[in-house]
Amino acid sequence: DGFPAEKLFNQGYSYTYDDVIFLPHYIDFPADSVNLSTKLTRNISLSLPCVSSPMDTVTESSMAIAMASIGAISILHSNNSPSDQLALLRSAKSRRIPFISDFEVKSPSDSIDSESDFGSSRIILVTESGNRRSRVLGYVLKSDWANLKNKDCRVCDFMSKLDFSVPSSHNLDQIVGFLSGKGYELVPTVSESDGEVIDLVTIEDVERIRGFPKMGLPSVGPKGEFIVGASIGTRESDKERLEYLVKGGADVVVLDSSQGNSIYQLDMIKYIKRRYPELDVVGGNVVTMNQAQNLIRAGVDGLRVGMGSGSICTTQEVCAVGRGQATAVYKVASIASESGVPVIADGGISNSGHIVKALVLGASTVMMGSFLAGSTEAPGVYEYRDGRQVKKYRGMGSLEAMTKGSDARYLGDTAKLKIAQGVEGVVADKGSVLKFLPYTMQAVKQGFQDLGASSLQSAHDLLRSGTLRLEVRSGAAQVEGGVHGLLSYEKKPF
Ligand code: XMP
């Protein structure tokens, strides 16, 4: 029944995830025992095979800590100055809890003139000099301030005293222990190196986080800090950016290019391997075995696969170059596996089935943009469009993003005329990644179970041995495979 992958992907067609379907195999284990642990690169292990894309509407510090806290990883975007990217990295590395609290700071002699002084928080922190680097003295709750009869007074006249804190190296369990042990409602976390207040953690924050489904081990480095990656380009100036990132403790760098098989990238890989031999480098993007082989020879520790498959991409239409993502992942993974180089399937993921397909076809991780862009952890604020809550999501090759500097990714920075290879749009609110990714990964485990694969390695072995079989879906089969025949229905993510 069906075709082995080797035969299916060697017929001259470019298949994307929706074109192909696996035939079920034999189940002899429960879905919960499927092990999705994997490798991002030669030296970085993860308990979840998910990566957030280095895009300025997807990955900044909040995404980085949330993803790492559930065992996945993020790659910070580089559509900013090297010092801004370093600040994002430091912010993520300074935290051990999966959120960033947003609060204003005042000094005791300040006054609070209006509700807007609280910003988006319900608490104002009070420190000696009114900034995060001075001694914590107290806090003001918005409700307490609202109840004041006479608001024409100084903060010190009505603040609640706060003469305790915990080190920012405390993880969530330690903070919970502290708060419940003392019966406190909130606690500031303070950096041991410079005394800066990092977060203001409340009981409600802790309960919200603990209410999310439990995942595998978080992605943490030897010092207990979250593992975080960052993207760079291949220009001479990116060497300076790289130096910043190495100082900031980046665990891996991703060379961000839509066509990675270039002299610029090969030179950059060799430079990094010579200068920072301990640092893992992901090369790409590639979609052919030949491109992959060149980057593997130059010394990459991971390969990012995909050209034009992203939801916001127009590369295939604009440049007539690219490949269907299922074929690209299968082809690149088959050559990369011979050298032990893990493959990141980048772009085109819009449901858990796509993740199953990417991983079984040979990828070790999936990189996602649109799938994560509507989350609370993605940068930007929610807007309302047609009664729906949405967040902005744009391609890094869109005119808007390139105006900010990302044109180097498309090797267009020296060109006189800018050609867009991506679009700007919005995606629907999905809530926290801490909630929806665990559900997504449970669905992925069920897909693996149907295939009789209890781990990524066993899926790859079953595929390569020809035991797992696939078929191409006709247009009608694809329609049949989706919801059909109903007058209307509500699509719930879980
Ligand atoms: P998804 O489908 O997850 O894709 O939204 C994210 C990936 O798309 C790539 N990317 C682009 N490709 N033009 C392109 O051709 C663009 O403007 C663009 N921006 C991002 C990138 O690989 C990302 O991870």
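Modeller: Let's start with an open sheet of 3 strands, ordered 20-21-22 and paired in the antiparallel sense. This is a predicted model, in which local features need pLDDT of at least 70, side-chain atom pairs count only at pLDDT 80 or more, and totals for chains, interfaces and linings use all residues. Residues are numbered from 1 along each chain as its sequence is written, and side-chain values use heavy atoms, leaving out hydrogens and water.

Colleague: What makes strand 20 and strand 22 stand at the edges?

Modeller: Strand 20 (383–385) and strand 22 (424–428) each have a single partner strand, so one side of each has no neighbour in the sheet. On average, neighbouring strands here are turned by 55° against each other, direction ignored. As for the names, helices (H or I, at least four residues) and strands (E, at least two) are DSSP runs, numbered from the N terminus.

Colleague: How do you know that strand 21 and strand 22 pair?

Modeller: Two strands pair if DSSP finds at least two bridges between them. Strand 21 (residues 388–394) has 5 bridges with strand 22, in the antiparallel sense, so they pass that test. Look for K391, which sits opposite V427 in strand 22.

Colleague: And what is the order of the open sheet of 4 strands?

Modeller: That one goes 7-8-9-10, with mixed pairing. Strand 7 (104–106) and strand 10 (160–161) are at its edges, each with a single partner strand. Strand 7 and strand 8 (residues 123–127) run parallel and are joined by 3 bridges; V105 has L125 of strand 8 as its bridge partner.

Colleague: Why is helix 9 called roughly parallel to helix 10?

Modeller: Helix 9 (residues 263–275) and helix 10 (residues 289–298) pack at about 25°, with axes 9 Å apart. Axes are lines fitted to C-alpha atoms, for helices over the stretch in contact, and angles run from 0 to 180 degrees between N-to-C directions. Angles under 35 degrees count as roughly parallel, over 145 as roughly antiparallel, 65 to 115 as roughly perpendicular and the rest as oblique. So helix 9 is roughly parallel to helix 10.

Colleague: Which residues make the contact?

Modeller: Helix 9 brings Q265, L266, I269 and K270, and helix 10 brings N294, L295 and A298; contact means heavy atoms within 4.5 Å.

Colleague: What makes the aromatic pair of F9 and Y330 stacked?

Modeller: A search of the whole structure finds 8 aromatic pairs. F9 and Y330 are 4.8 Å centre to centre, with 20° between the planes. Rings of Phe, Tyr and Trp (its six-membered ring) pair if their centres lie within 6.5 Å; planes under 30 degrees apart count as stacked, over 60 as edge-to-face and the rest as tilted. So this pair is stacked. F9 is in the loop between helix 1 (5–8) and strand 2 (20–22) and Y330 is in helix 12 (residues 325–336), so the pair ties together parts 321 residues apart in sequence.

Colleague: How do you know that the peptide bond joining G284 and N285 is cis?

Modeller: Its omega is about 0°. N285 lies in strand 16 (residues 280–286).
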